[in-house]
Amino acid sequence: MTQKSSSISDFVSWQQRIKSAVDAGRSQIIVCGGTGCVALGSESVYDAFESEIKKQGLEKEVLLKGTGCHGFCEKGPVVVILPDQFFYPGVKPENVAEIFKETVIGRKAIEELLYVDPISSKKITYEYDIPFYAKQQRNIFHNNGRIDPVDVEDFIAHNGYNAFVKVLQEYSPQDVIDSVIKAGLRGRGGGGFPTGVKWDICRKASGQEKYLICNADEGDPGAFMDRSILEGTPHAIIEGMLISAFAIGACTGFIYVRAEYPLAVKNTRLALEQARDSGLLGDNILGTGFCFDIEIRQGAGAFVCGEETALIASIEGHRGMPRTRPPFPAVKGYADEPTNINNVETFANIPLIIENGHEWYSKIGTEKSKGTKVFALAGKVKNTGLVEVPMGTTLRAIVFGIGGGIENDGEFKAAQLGGPSGGCIPTQYLDTPLDYESVQEVGAIMGSGGLIVMDQNVCMVDIARYFLDFVQSESCGKCTPCRVGTRRMLDILESICGGTARMDDLAKLEELAVDVNRASLCGLGQTAPNPVLSTIKNFRDEYVEHIEKRICTAGVCLELLCYQITEKCVGCGACKKVCPVAAITGEKKEIHVLDTEKCTKCGQCYNVCKFEAVKR
Amino acid sequence: MTQMNVKIDGKDCIGQAGQTILELAIDNGIDIPNLCHDPRLKPSGSCRLCLVEVEGARGPVTACTFEIADGMVVSTDTEEIRGLRKTVLELLFYEHKGACATCDDNGECKLQTYGYEYQVEDDVINCGSVCSEPVPNYTAGNEAIEYDVDKCIRCGRCIRICEEVQMDSALTFKERAGQAEVTTAFDIPLNESTCELCGQCISTCPTGALYERHAKGKGQCKDLKSTTTTCVYCGVGCQIDLNVSAKTGKIVRATSKTGVVPNNGNLCVKGRFGQDFVSDNRRLTMPLIKKDGEFKEASWEEALDLVASRLGAIKEVNGADSIAGLSSAKCTNEENYIFQKFMRACVGTNNVDHCARLCHASTVAGLARAFGSGAMTNSIEELKDAKCIFVIGSNTTEAHPVIALNIKHAVVNNGAELIVADPRCIDLVRFADMHIAQKPGTDVALINAMIKVIIDEDLLDKDFIAERTEDFELLKEAVKNVSLKEAAEITTIPADLIRQAAVTYARAKTSTIIYSMGITQHTTGTDNVLSLANLSMVTGHIGKESTGVNPLRGQNNVQGACDMGALPNVYPGYQQVESPNVQDKFEAAWNAKLSPNKGLTIVEIMHAIEEEKIKGLYIMGENPALSDPNLNRTRKALGEVEFLVVQDIFLTETAQYADVVLPAVSYAEKDGTFTNTERRVQRVRKAVEAPGEARLDWKIICDISTRMGFPMAYYRAAGIMDEIASVSPIYGGISYDRIEKVGLAWPCFDKEHPGTKFLHKGKFSRGKGKFHPVTFIPAKESTDKEFPFVLSTGRQLYQFHTGTMTRKSAVINQVSPTGYVEIQLDDAVNLGISNGDRVEVKTRRGCVETDAKVTENIEPGWIFMPFHFSEAPANMLTIDELDPVAKIPEFKVCAAAVRKIS
């Protein structure tokens, strides 16, 4: 339910009414409704709880709530039972009746459904005890696992829009900018430019009208924090944008979100309607004379549209292609007017700064990188998901503390930070604090916070090839170095992976990488060589091995693999059975022979052999 | 403007704020390589070849996008920069497949130039030389343009020029990365897209990726000889380069250079693709004499003797005034001068006129009365800076496409307000703030109502009226009883819209009026023009930069033909034939006895033939058998006249009626000058040899004149211009050496005079601007039950006039194969007519069969026909009623009926 507030006092009394109606001791069933959990079946879990409640006639006593992403996507569907915070991972509809009876009504944990910590192998009952959560500092995601994303009252009950109201009551636009500057917030989209300074430039730029854009065009493979925030707490973004608009003097805002995020689009759209209906968006907001409204623009999924000038071109209805800067959007952006553009996570920080004060905020993090940062932890790590930690947390703490270490107890080889524009961080830098400067020093970038963990089974040349393949196919084609240069680099990488390269190709690759970085028009092209440069820097031996010895130690580059059956073979025939091309011959109990001409290097014989007789 | 000191490669350069490094470098003769730059376009920074180092900048920057700042230090040629450029070039060659040896653009291609300059290795250049299997692209099936993706370097210039300059937005990129290539929106064939075939994309392409399809294989650029001349089509006067193959002696392609005045490298479809006629094998190559109803080839001696003797005989028997001559707006100033001199000094009559009678006679009459000078008051260039542009009765994008670019630029880039008053929803309406679809023939009612609003709402420029004009009270009296309500009824325009237009026009800081045939071709043409003059004077919107009244002249040299006195009432330079002083002056100058009586106009000449007053008619480069109103009557007259000489480059519809046909040379085969619509006298230069025995028009006339006893002989065209300058004060300072590079706009009184950018500054040509009270008079013919439609005729983009030249072009014929009548959708439905149906259009004078073009761009009850097509000649239908002052016929309004032919 929404109610239109036409003044600040209206809003305050509405909030009081909402809060007083909240029963803190009431039982709540929280079912994660983030995209990850939905994909794993959380909707049917939700439905099962709903009918269970109905069956038991406990609609008043028990509150069922679908929320945004809890971050622990790997373990979905996730269910949390309040007030005790019982935590159940991987819940199935058939578990619902029991959970309802034992945990919701009985307030007791069901042993066999509990989460097992991969490190200690112990069962953990409560959400707050789970290492994955316990070691995070979830400031931005605080509400994500607790509130109903499409219920403005729930948001307001959790002090939503308080920061905005505080701004309207106590701040001048310059005060807001000063607070954000003093808080030390830097852009979470990757560049790390001081947010308050950017606002200040935009505020001071001359123009007929000013615009505000929220960049929700999250394109890095594996990164999904912005999606989760928009899905889970869209009102927090609206609030952050309201405060920003107030500060820079904008009255039109856009949220540019990719169409592949249907749930984020849906929830944001609903939230915008609610905010409008509540008098929090539109003309004369809360009777203060401040006017601001937001439109959603859906992107078609081009990676380059995350680049701010391409994004603006796309909003304007042009093909999403970047243009040279200067002028920067803060001076000349949408419709050639001053435009402030921040990403979702940046806006999510704003209400926190206002509500808790910049002093509080600036205590979090390192000297130059303040606040928390969300990482999308993925790859060969035990616990994957969204991880929010203070800036400056070490890579080791994230991978081994929160992430629970390497999958199958493998060996950490490197972590790719910052997506395709980033770089890899090898073992020797595991204790690097993750802040803007330190990360750059080791050859990566913070980027939007994609963190892909790699073990010994990953080939670093192949990783470079993978990321380059991605950026080259996402190159918009506008400038020569990016359009053709990345293609040339990819050709060379493919020849290295394919075993046809020579050492001077490696030199050419490095040269080209530097030139593409120096000569490209936008960030996409300028950073495209990063994965190549950082893997060459840290894993040069692997490149040399590929080229000179024609060997891929990780066993990834197919062309370099040569399967052989050794004397260890006992002639069990397992390999012969699985070989899809009948390349293996041999009599029972005799050493088998593999015809390398026929072999397609599928690796099935290698996997099936129990005697380590197949070598590659 | 703030001056900025910038050091480029150690050289001190002074630039202006807002200039880019590249612009400043070009100004200072410093070469920075570039491929995606075109001064007509907004910088894109995409090719990355113009990278330079700027002290203090984070990394290399693109010179084409980076704006200069005071104290900036730039290095354009460091080792790193050269290395980066070489890499960029190598990458481009990796993508660019195609060998220079077989490329048409060889010699013009910038990639080729830089490849050599940066010594890109052969193996790099050849690495991609294996072209992919050609796949049909968006230009497949299009006669004009061919896109070769293998030669494309994706600089995007074609796309940008289509969007930014032409504002047609037909092109875009498709796909991403290495798959990116140029195509139309939604990848539809060019023939079905919004493309207007201007070929601007070709003009900006730095390689041979976009090329004229017909020019391919006809000679590489390095082997073509380029001659700069003035385009032969409309009055814009585009500077055009005819590129001729030395091998064949034929024009291979027409191009234009950026920076030229007035077109800055821009051309339209006719200029770029309409040059085929020059080498068309139907060109006249020998004189023809009609014997027993059939043309027989004759020698020049025979033909010239015959013409001289027959004209001489007619003069002797019936008097000089029984001979008339039609001069030509297609011919040069020099030829027009010689023609009228021949008619006046040799024949002894003022019966000389030309097609200006059919287009801007009312302008010449009206503006001369109001201002003292009947020409565009401002230069084309000034349009860009006008804050309000009022276009009335001009379909600018179709009839004057390159001028339209300036209008669109003013609106889109400079925020000008555009008011379009035109019965049809013409293309300019896309850019307009207001569209006034006034009923054809109601312009005076509209303008008077606007003046009334301006008076009533006190938007007058009182100081201007007091100081610079006379007879304002008469105008005030005349519009006293005008009511907006009544005007709304007459024009079918809502009163509020009329008011809004008036207020917008009056209030803008600089307002300019653009008009053309929609104003002039009425029996009230002079009144229409006078009312526009009134409108400009009540608001003081005249005599200032970007502010004035601008009639757009339709023919390449219609301005010049008028200037040269190819009119029955004036000598060269608008000196009145009825003035004894003037007559004395010319009698002295030409050493001949001249007639003191003004002569007949075109339509009067035709009518005089019926009355047997005109016995001999000499037509040079005109085609009245298709261009004049009420063709049945015109053609009858052409058939009846005792002796008809037609001098032309083709055997036109008119030539068919001739007794003697004299083969002349086309504009591409001669030297001379044209005067464009902005009064700019520009050079015409010989680019190719004339076919057969075709001769220069002025030489033919001189030979006949000499044979008739008035010897005329000139060594070359430049000498004729010197004589023009000596007798015509407004051309007093014009000579070939002064207009070698850029033309001069008259008045240009002496050798030191810089020419005149805009007229009436500080003082009108006639002294004070004169208000003429005009009242609304309806068109001569009104609709009735039998003829319920209002028929207007006019031009379309692709064809020109009677099609003598444009219809020889395969490109143009593909897009505009034949005539049609535009009819509004509801009207068509009521008459059971579908798009493309054969219909009969009928008026009281004639009947024409043509195709129906069903459209919503015209109001119900009104129909429109282009007049270019001899198989569907619109002028069979038009009325030959004349404006009483200017004697211009009412091409724009007559009553017609339409029916479907089953």
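Helices and strands are here DSSP runs, numbered from the N terminus, and a helix has at least four residues. The model described in this report is predicted.

## A helix of chain A and its aromatic pair

Helix α1 of chain A spans residues 8-21 and contains both A:Phe11 and A:Trp14. These two residues stand 3 apart in the chain, about one turn of the helix. Over all chains, the count of aromatic pairs comes to 38. A:Phe11 and A:Trp14 make one of these pairs, with an edge-to-face arrangement in which the ring centres are 6.2 Å apart and the planes form an angle of 80°. A pair of aromatic rings is described in this way, by the distance of the centres and the angle of the planes.

## Domains of the two chains

The domain assignment divides chain A into domain 1 (25-82 + 86-125), domain 2 (152-362), domain 3 (372-455), domain 4 (460-549) and domain 5 (562-615). For chain B, the assignment gives domain 1 (3-77), domain 2 (128-279), domain 3 (288-359 + 557-742), domain 4 (377-551) and domain 5 (789-900).

The size of an interface is often given as the accessible area lost when the parts come together.

| Interface | Buried area | Share on carbon and sulfur atoms |
|---|---|---|
| Chain A and chain B | about 2300 Å² | 55% |
| Domain 2 of chain B and domain 5 of chain B | about 1300 Å² | 71% |
| Domain 3 of chain A and domain 4 of chain A | about 1200 Å² | 63% |

## The interface between chain A and chain B

Chain A brings 29 residues to the contact, and chain B brings 33 residues. In chain A, the greatest losses of area to chain B fall on A:Arg319, A:Arg483 and A:Arg518, which together account for 26% of what that side buries.

Between the chains there are 4 salt bridges. One salt bridge joins A:Arg483 to B:Glu95, with the closest N and O atoms 2.7 Å apart. The polar contacts between chain A and chain B number 14 residue pairs, both residues being at pLDDT 80 or more.

On the side of chain A that touches chain B, two or more residues come from each of α18 (460-474), α19 (480-497) and α20 (503-519) of chain A. The largest share, 8 residues, is given by α19(A). By class, this side holds 10 nonpolar, 9 polar and 10 charged residues.

## Domain 3 and domain 4 of chain A

The C-alpha centres of domain 3 of chain A and domain 4 of chain A are 22 Å apart. Their contact involves 18 residues of domain 3 of chain A and 15 residues of domain 4 of chain A. Of the area that domain 3 of chain A buries against domain 4 of chain A, 43% is supplied by A:Lys413, A:Pro420 and A:Cys424, more than by any other three residues.

The count of salt bridges between these two domains is 1. A:Lys413 also meets A:Glu542 in a salt bridge, at 2.8 Å from N to O. Strands β13 (412-417), β14 (423-426) and β15 (450-455) of chain A each give at least two residues to the side of domain 3 of chain A that touches domain 4 of chain A. That side consists of 9 nonpolar, 7 polar and 2 charged residues.

Over all chains, the count of salt bridges is 81. Among them is the pair of A:Asp455 and A:Lys380, whose closest N and O atoms are 3.6 Å apart. A:Asp455 belongs to strand β15 of chain A and A:Lys380 to the loop between β11 (372-379) and β12 (385-390) of chain A, so this pair ties together parts that lie 75 residues apart in sequence.

## Domain 2 and domain 5 of chain B

In chain B, the C-alpha centres of domain 2 and domain 5 are 31 Å apart. The contact takes 18 residues from domain 2 of chain B and 15 residues from domain 5 of chain B. B:Glu143, B:Tyr233 and B:Lys270 lose the most area on the side of domain 2 of chain B, together 37% of what that side buries.

The count of salt bridges between these domains is 0, while 4 residue pairs are in polar contact, both residues at pLDDT 80 or more. The side of domain 2 of chain B that touches domain 5 of chain B comprises 9 nonpolar, 5 polar and 4 charged residues.

Terms used. Residues are numbered from 1 along each chain as its sequence is written. Chains are lettered from A and ligands numbered from 1 in the order in which they are written. This is a predicted model: local features need pLDDT of at least 70, side-chain atom pairs count only at pLDDT 80 or more; totals for chains, interfaces and linings use all residues. Side-chain values use heavy atoms; hydrogens and water are left out. Domain bounds come from an automatic or database domain assignment. Contact means heavy atoms within 4.5 Å. Buried area is the accessible area (1.4 Å probe) that two parts lose on being put together, summed over both. A salt bridge is a side-chain nitrogen of Lys or Arg within 4 Å of a carboxyl oxygen of Asp or Glu. A polar contact is a pair of N or O atoms within 3.5 Å; within protein, one must be able to donate a hydrogen and the other to accept it, and residues adjacent in sequence count only if both atoms are side-chain atoms. Ala, Val, Leu, Ile, Met, Phe, Trp, Tyr, Cys and Pro count as nonpolar, Asp, Glu, Lys and Arg as charged, and the others, Gly among them, as polar. Rings of Phe, Tyr and Trp (its six-membered ring) pair if their centres lie within 6.5 Å; planes under 30 degrees apart count as stacked, over 60 as edge-to-face and the rest as tilted.
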